[in-house]
Amino acid sequence: MLTLKLDASSSQYAPQIELLSAIVPVRLADDGLTLSCEAGNDGMTVMKQDGHAHIVFEKPCEFFRGILTLMEHEADDTVSLHEKAQFAFNGHMIDNSRNAVLNMKTAKEVIMYSALMGLDNILLYNEETFEVPEHPYFGYMRMGYTKKDVRELNDFAKQFGVTIVPCIQTLAHLAQTLRWACHRDICDAGDTLLVEEEKTYTLIEDVIRSWHDCVDTAVFHIGMDEAYYLGRGQYLNKHGYKPHFELMCNHLRRVLDICKKYDLKPMIWSDMFFNLMFGGLYADGELDQNLLDLVPKDVTLVYWDYYSTSYDLYDKRIKSHLQFDNKIAFAGGAWKWSSIVPSTDHSMNVTKLALDACRANGIDTVFATEWGDNGGEASIYSILPVLSLFAEESYGTDDVDARVNNAVLAMTGYTTEEFLKMCDINRTTKVEPIVPHTNPGKYLFFQDVLMGLFDCHVNETFPAHFAQCERTLAALASRDLPVSYVFDTLAKLAHVLEVKCDIGIRLKAAYDKNDREALAKMANEEFDELLCRIESFYHAFRTQWYNENRPGGFDVQDLRIGGLKQRIVTAKDTVNAYLAGDIDRIEELEIERLPFDCRTPGEDKDVNVDCNFWNYISTPNVNTQY
């Protein structure tokens, strides 16, 4: 526990340190280390000697990074450290649009952790989980943020030297808004707005104005990525074909005109320019100068890349971006979006490569994305080591891995290595390199026991692997620490997977052999045990969700996990009906199992695959609008 006594120069920070004491081991007391501070213009300096500490900070958040430094060195008699941030803008983006919307308590805790690490910006990615008074169906029933909520977060973050940045969508990724009848006249197709339609720009301005009312920053991220339906639906019917690059740039200009009205500094994702030029995500090719000239210059282009495992590839793509006459930023990934299980190991590896390339090419604006694809299942705290790495890479410490470990340990009581144990659930094989979206922890959990869509992607080592994961994570969860519940959730997931990973394989094998004794044991013992383990996981997962998020979106998990449990009950009833002679065969078990990814059976390839879409995992049958 770091105990501090504030002098006159630092006493203004007493309220913030009291707030920090709720999440990290720091407190104020008259017998503590005397702390003074001052603002400077040359980075952060932390000095400690003879019972006195002094922090000099350039960025306001660096005062709190200095507090973390003192926490890390609590046992040291002397400290002398100087650092200067190499990125002018460094932070992370919270996805509040894939069901999980951080509750106010957790959002404030994340702000405090960010300040301690020295991250000065938090982007709130709210596609439509935000109040726009003129449009009551915008975010209807999504339990998003009110304008009052955002103003409260803005003001809370400001006292910690952190800036809240709106991260919205003004072209695509708006399916949950465009589903409503009142918005159909501004839908081109799918999730994409109808461009060159005045009602579209009315909505966009209303959204921008609502955010502008609530935040102090001029920096706005206005989205525009992955707009694959642009000009292909209602627009095509109304206006005929127009080159998509031209459509994109014309729409961007209209939105930038709105931004100018509010004196904003907009940024957008850059992928569509490369996609429209080359027909693929950041595909290679010689950039057409005529097309480059169409791109408005007064917008920052954000190159996002969470996948690449080569420094040379990051370097090459950054250099391609530098051909645009625009400011360039970079967005990496703190992978929490392929499963309930994070891919922190992959994230740590590629972040180092990406940020090295950013520094080499003079990119001074970076942030980590924390997407929540297909349900927002993983904990926001599971990726803290990645956020710490973004900070340490900026401050250029000599031994980045050691500093990250020390920072994470000081904040949470867990080492980086212990956080990485979470990833082991998805690492059922030792195949390298690690593929971030390989996620057996999700598809083996949700797959149907009678249909076994992923049975070809399990081998005999899996049950023991998951059993070991459960033991390791349960031991870590037993500590009385603020984030212990995240380890508990994943321990209980591994406990389910130990039984469920191969139960469908063994069920079909028993059926094929007409081993009635084995079938009876599975139906009347193993299925019951599996249901008990799922119930235990469900309660841990629900606790995690409600600790961190608003209730909205957990209805999806209730439907998914409830459906899973009912299908196990159906399997139990079906097997017993077969054993009793009520049916003469089990149709689902008559079908040959094929690889989910259509590989040639027996192909020498990692047994794991990736599939993050519950509707694809749970059944091959129709469960969408068609």
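**Close-up views of a predicted model**

View 1. The UniProt record, an unreviewed entry, places the feature "domain: Glycoside Hydrolase 20C C-terminal" at residues 418-602. The structure shown is a predicted model. Helix makes up 63% of the chain over residues 418-602, and strand makes up 0%.

**View 2. An open sheet of six strands.** The strands follow the order β2-β1-β3-β5-β4-β6, and their pairing is mixed. Strands β2 (26-28) and β6 (79-83) stand at the edges; each has a single partner strand, so one side of each is left without a neighbour in the sheet. From one strand to the next, the twist averages 25 degrees. Strands of a sheet pair through backbone hydrogen bonds, in either a parallel or an antiparallel manner.

**View 3. The parallel pair β3 and β5.** Strand β3 (residues 33-39) runs parallel to strand β5 (residues 52-57), and six bridges join the two. Within this pair, glutamate 38 has valine 56 of β5 as its bridge partner.

**View 4. Strand β4 and its antiparallel partners.** Strand β4 covers residues 44-49. Its covered face consists of Met44, Val46 and Lys48, whereas Thr45, Met47 and Gln49 form the uncovered face. Five bridges pair β4 with β6 in the antiparallel sense, and threonine 45 stands opposite histidine 82 in β6. Strand β4 also pairs with β5 in the antiparallel sense, over five bridges; here valine 46 has isoleucine 55 of β5 as its bridge partner. The hairpin of β4 and β5 has two residues between the strands, and aspartate 50 takes a positive phi near 55 degrees in this hairpin.

View 5. A disulfide is a covalent bond between the sulfur atoms of two cysteines. The count of disulfides in this model is zero. For cysteine 37, the closest cysteine sulfur is that of cysteine 61, and the distance of 14 Å is too far for a bond; the cut-off is 2.5 Å. Cysteine 37 is buried, with a relative accessible area of 8%. Cysteine 61 also counts as buried, because its relative accessibility is 0%, and buried means under 20%.

**View 6. Serine 270 and its surroundings.** Serine 270 lies in the loop between β13 (265-269) and α9 (271-278). Serine 270 counts as buried because its relative accessibility is 1%. Apart from residues up to four places away in sequence, serine 270 touches Tyr282, Leu301, Val302, Tyr303 and His321.

Notes:
Residues are numbered from 1 along each chain as its sequence is written. This is a predicted model: local features need pLDDT of at least 70, side-chain atom pairs count only at pLDDT 80 or more; totals for chains, interfaces and linings use all residues. Side-chain values use heavy atoms; hydrogens and water are left out. UniProt positions are given in the numbering used here, feature names are shortened, and annotations may be inferred rather than shown by experiment. Helices (H or I, at least four residues) and strands (E, at least two) are DSSP runs, numbered from the N terminus. Two strands pair if DSSP finds at least two bridges between them. Axes are lines fitted to C-alpha atoms, for helices over the stretch in contact, and angles run from 0 to 180 degrees between N-to-C directions. Buried means under 20% relative accessible area, exposed over 50%, partly exposed in between (1.4 Å probe, protein chains only). Contact means heavy atoms within 4.5 Å.
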